[in-house]
Amino acid sequence: MVYLRKFWTRFRIYTRFSKIRFIDRLSYRAHFFLVLTEYLLIIIVNYFLWKAILADGRTIRGYALEDMVTYVAVAGVFRFIINELSGGISREMSGQYHSGELIMNLLKPVSYQLYIYFRAFGGILFQMLFRGATVLTIWALLVGLTPPDSAATFIVSLALGILIYAGIAFLVGLTTFHIENNAGVLFATTASIELLSGTLIPLVMFPGWVVSILDYLPFKMIFYIPIQIYLGQLGVQEIVSALIVQAIWAFILSIAGFLLFKTSVRKLTIQGG
Amino acid sequence: MALIAVENLTKSYKTFKRKEGLKGAFINLFKREYEFVQAVDNISFHVESGEILGYIGPNGAGKSTTIKILTGILTPTAGEVAVNGLVPYKRRQQHVKNIGVVFGQRTQLWWDIAVIEAFTLLRDIYEVSKTDFQAQLKKFDEVLGIGPLLHIPVRKLSLGQRVRCDIAASLLHNPPVVFLDEPTIGLDVAVKSNIREFIKEMNASLGTTMILTTHDLSDIEYLCQRSLIIDQGKIIFDGDLQQAKDELARQRKIQVDLYERVDIDSIRDQLKVAELEFAGQNDYSLTISFNKDEISAIDIIQKILDLLHPRDIKIEEPTIETVVKEIYEKRSL
Ligand SMILES: Nc1ncnc2c1ncn2[C@@H]1O[C@H](COP(=O)(O)OP(=O)(O)OP(=O)(O)O)[C@@H](O)[C@H]1O
Ligand SMILES: [Mg+2]
């Protein structure tokens, strides 16, 4: 009971970091519509591409046009999240490292990893509530959108996917401690995650050997599993095992971040910031 | 046991030596040469609970390096440190709960939020009760005048305003140990004296232990019974600067400005004062150093008036600055 209360007060502190980021994002209004238009355009282009490919009721590896209508929209919204996490975690960490803000955070009795995570969560909440909701509403009215097969499981799976990507983004952010300029690493991971997590095309469209390699990597756990659950492509048993594998990846990546952060800080405090 | 114990502490920074130019950049790719900067060189000192220790020294002496080690954000190369029984760099999270830190050079506050929001966040982080928090805010407003600053984002504050908020933030949770690295940088005279009062009061009422680094020696004079002087990583003085000043005050100087150049040796013979020399670049003024226990200023001035037609006469008493300057210049007192 005492532990629970303690946990709760600590949790509340971290949610305040989320709130700060949320409000910060909210204050850039002009930027808001610009980005919204850009993402909407990408979704529309993708849509017309699939419309041409899947004309006359054709299907490719089980995907018909009506599936892809929903797929491109949800994937488009998910790209907001990818963007938020690569900017709000990896690039943010690199900026804090170079500006010395990291050192000031080390002087506070707060976990840096959780501080970074919760800030990013605040940003994601903003992306979903404002940009995501707007895009999906426009899409539903203009083109049409199938609702999720099981909303609750989709949300759980999506949350785990976000946690997995947050773990990866944190590890990428930590590379700054070791190579000073990590812009290249950041670019490469963001690009490969967009491709390998399924936000560009459904992963089954890749050659079979690629698909089987991807089964052993965390990338498809980020977006492809949640969207498959959304579209009702997985059976109950598959969903349960997918969620477990997602949770394991989320855990492993966060622990890796925790441990690597410790050694990175040791290096930093030896070098002198 | 001392609250802060530093034993044979050494810190050397390893820096990558970059070669200049295009050719140098090419060589850098293949061959890395390193340089070592010995910032802190085998120093030891103790600070007792309730003490305010002045920590001074010229630029680049190693002051901030020492403070960083004591706050846990720097790992020593050799030697041992303990604050309140904890080794700062090994138990950083635990350690920072019990300390307050001001680095005047850079802010400890979150850049992107209003001051009051940063304060309430710190209140929650350090688990300060709401009533204590209100009392602290009121006190800080009286001393530091931060009331009007509370709703301004940290990044929009002027240097002095930011430092004032930083000081308030670092003392919000009444930490038992406080490290102040140039805390009065950029502050106006009124605020500065308020802060001095406040620090003194906090130390007296709560027994807060402090280490204060500053280039403003009047801060030290006002607050610290004991000071360390560090130069090139080594401690060259450990004691009461006030006492050192009183000792030095026996040694006084008279400066005599003249209309024309005089023969310094003949004056020296007649005055019977050993230390007599032309001051600085200018041959038209003399400085006479003397020990006031051996000869009085009146006697010297009397003799000068008999011998010369001075334009002006000044008597100098040593200040804390001259004391410290003497120590920096490694002259024995
Ligand atoms: N991160 C670093 N990497 C390499 N050398 C460093 C680093 N930080 C400090 N130094 C060097 O260590 C020495 C001591 O620096 P330090 O900051 O401790 O001086 P200081 O006494 O605080 O000086 P000041 O009065 O100017 O603040 C200096 O020669 C400085 O150049
Ligand atoms: Mg310094």
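**Strands, a ligand site and a helix pair**

Me: How many bridges join strand E10 (residues 251-257) of chain B to strand E12 (residues 285-291) of chain B?
Reply: E10(B) and E12(B) run antiparallel. Strands are DSSP runs of E, at least two residues, and helices of H or I, at least four, numbered from the N terminus; strands pair if DSSP finds at least two bridges. The number joining E10(B) to E12(B) is 7.

This is a predicted model: local features need pLDDT of at least 70, side-chain atom pairs 80 or more, and totals for chains, interfaces and linings use all residues. Residues count from 1 along each chain as written, chains are lettered from A and ligands numbered from 1 in written order.

Me: Which residue in E13(B) stands opposite Ile254(B)?
Reply: E10(B) also pairs with strand E13 (residues 312-316) of chain B, in the antiparallel sense over 5 bridges. Opposite Ile254(B) stands Ile315(B).

Me: Which element gives the largest share of the shell around ligand 1?
Reply: Residues from chains A and B surround ligand 1, so the site is shared between chains. Nearest of the 14 residues around ligand 1 (C-beta atom, placed from the backbone, within 6 Å) are Gly272(A), Tyr13(B), Lys63(B), Ser64(B) and Thr65(B). Strand E1 (4-17), strand E2 (33-47) and helix H2 (63-71) of chain B each supply at least two shell residues. The largest share, 3 residues, comes from H2(B).

Me: How are H3(A) and H5(A) oriented to each other?
Reply: The axes (lines fitted to C-alpha atoms over the stretch in contact; N-to-C angles from 0 to 180 degrees) of helix H3 (residues 65-99) and helix H5 (residues 112-142) of chain A come within 9 Å and cross at roughly 155°. Angles over 145 degrees count as roughly antiparallel, under 35 as roughly parallel, 65 to 115 as roughly perpendicular, the rest as oblique. H3(A) and H5(A) are therefore roughly antiparallel.
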